[in-house]
Amino acid sequence: MAASLCRFVRGGFGRNFGFVSRSPALVHARFDSTITETRPTVRPKDEVTHNQLSAFGEYIAEILPKYVQQVQVTCFNELEVMIHPDGVVPVLLFLRDHTNAQFKNLTDQTAVDIPSRQNRFELVYNLLSLRFNSRIRIKTYTDELTPVDSAVPVHLAANWYEREIWDMYGVFFANHPDLRRILTDYGFEGHPFRKDFPLSGYVEVRYDDEVKRVVAEPVELSQEFRKFDLNSPWEVFPAHRESKDTPKLE
């Protein structure tokens, strides 16, 4: 009786409940799978997706030739459509309501300041289509004085995005229901995200004990903050040292 019970425990009981011995190879394989991967993750090139995005971009350019100026697919299979500033509302309406697009979600809207360009501001609209699980990026351009039509009539989510762009870059959006600053304080002068805006700003705030409130004053930097070290850290190496005859900045 005892012998049969021992054989049952060693055989059937262990097999039924999974109490089997693990081989060293299996344990080693599982240990290798837990090692952190150190190689860079490279997205594989997908020709099918690239061709589909290219075809859809050409389709948009054929339907809206008045507004679409350029279509491109980036190296990460992201479709970008460059349009004229007058075509913001028509293009967004087309992409939202067309059966083959249905980009109903405005996930993000931002701007880029490139002072070297004649139209220094580049406006970017990132759209998402839940129906087709696809994304598209719309780009347009403007300068400091030319307003751009607001996207609020098409996407309500553009309300605060455009207020932020107006606050940070100074791009004016026509027909916006409430174009006010959203991040900076009341009475703030300038637009901080412009490349020509000084890093120290124009004013500084502090609490005044006499008037019992926060006051804004012009920036006054102490003298120790006005000293700049123009030497390069590479000059400590002999091969990068300047000759004695070379004039130095004073």
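# Reading the labels on a predicted model

User: Why is R117 called partly exposed?

Analyst: The relative accessibility of R117 is 43%. Buried requires under 20% and exposed requires over 50%, so at 43% R117 counts as partly exposed. This value, like the others here, is computed from a predicted model.

User: What makes R117 and E122 a salt bridge?

Analyst: The closest N and O atoms of the two residues are 3.3 Å apart. The limit is 4 Å between a side-chain nitrogen of Lys or Arg and a carboxyl oxygen of Asp or Glu, so the pair qualifies. E122 has 17% relative accessibility and therefore counts as buried.

User: Which residues are linked with R117 and E122 in a network of salt bridges?

Analyst: The network also takes in E78, E80, R137 and K139. K139 and E80 meet through their side chains at 3.6 Å, N to O. K139 lies in strand β5 and E80 in strand β2, so this pair ties together parts that are 59 residues apart in sequence. A search of the whole structure finds 13 salt bridges.

User: How do you know whether K139 is buried or exposed?

Analyst: Its relative accessibility is 16%. That is under the 20% cut-off, so K139 counts as buried. E80, at 6%, counts as buried too.

User: What parts of the chain does the salt bridge between R120 and E144 link?

Analyst: The closest N and O atoms of R120 and E144 are 3.1 Å apart. R120 is in the loop between β3 and β4, and E144 is in the loop between β5 and β6, 24 residues away. R120 is buried, with a relative accessible area of 6%, whereas E144 is partly exposed, at 36%.

User: Why are the buried residues of α4 said to be on the same side of the helix?

Analyst: The residues in question are V88, V91, L92, F94 and L95, in helix α4 (residues 88-97). They cover an arc of only 160° around the axis, which puts them on the same side of α4. Their cover includes α3, β2, β4, β5 and β6.

User: What does α4 supply to the largest nonpolar core?

Analyst: The largest nonpolar core has 35 residues, and those with the most contacts inside it are L95, Y125, I136 and I138. Helix α4 gives the largest share of this core, five residues. Leaving aside neighbours within four places in sequence, I138 is in contact with residues including V91 and L95, as well as V81, I83 and Y125. In soluble globular proteins, nonpolar side chains tend to be buried together.

User: What makes V214 exposed?

Analyst: V214, in strand β9 (residues 213-218), has 52% relative accessibility. The cut-off for exposed is over 50%, so V214 counts as exposed. Together with V205 and Y207, V214 forms a nonpolar patch on the surface, with about 310 Å² of accessible area for the three residues together.

User: Why is K212 called exposed, and what is its phi?

Analyst: The relative accessible area of K212 is 58%, which is over 50%, so K212 is exposed. Its phi is positive, about 60°, although K212 is not a glycine. K212 lies in the loop between β8 and β9. Q102, in the loop between α4 and β3, also is not a glycine and has a positive phi of about 55°. Most residues other than glycine have a negative phi.

Note on methods: Residues are numbered from 1 along each chain as its sequence is written. This is a predicted model: local features need pLDDT of at least 70, side-chain atom pairs count only at pLDDT 80 or more; totals for chains, interfaces and linings use all residues. Side-chain values use heavy atoms; hydrogens and water are left out. Buried means under 20% relative accessible area, exposed over 50%, partly exposed in between (1.4 Å probe, protein chains only). Helices (H or I, at least four residues) and strands (E, at least two) are DSSP runs, numbered from the N terminus. The arc is that of the directions from the helix axis to the C-beta atoms. Contact means heavy atoms within 4.5 Å. Patches are made of residues with over 30% relative accessible area and no salt bridge: like charges are joined within 9 Å, nonpolar side chains (Val, Leu, Ile, Met, Phe, Trp, Tyr) within 5 Å. Accessible areas come from the Shrake-Rupley method with a 1.4 Å probe; for residues, only the protein chains shown count as cover. A nonpolar core is a set of buried Ala, Val, Leu, Ile, Met, Phe, Trp, Tyr and Cys residues joined through side-chain atoms within 4.5 Å.
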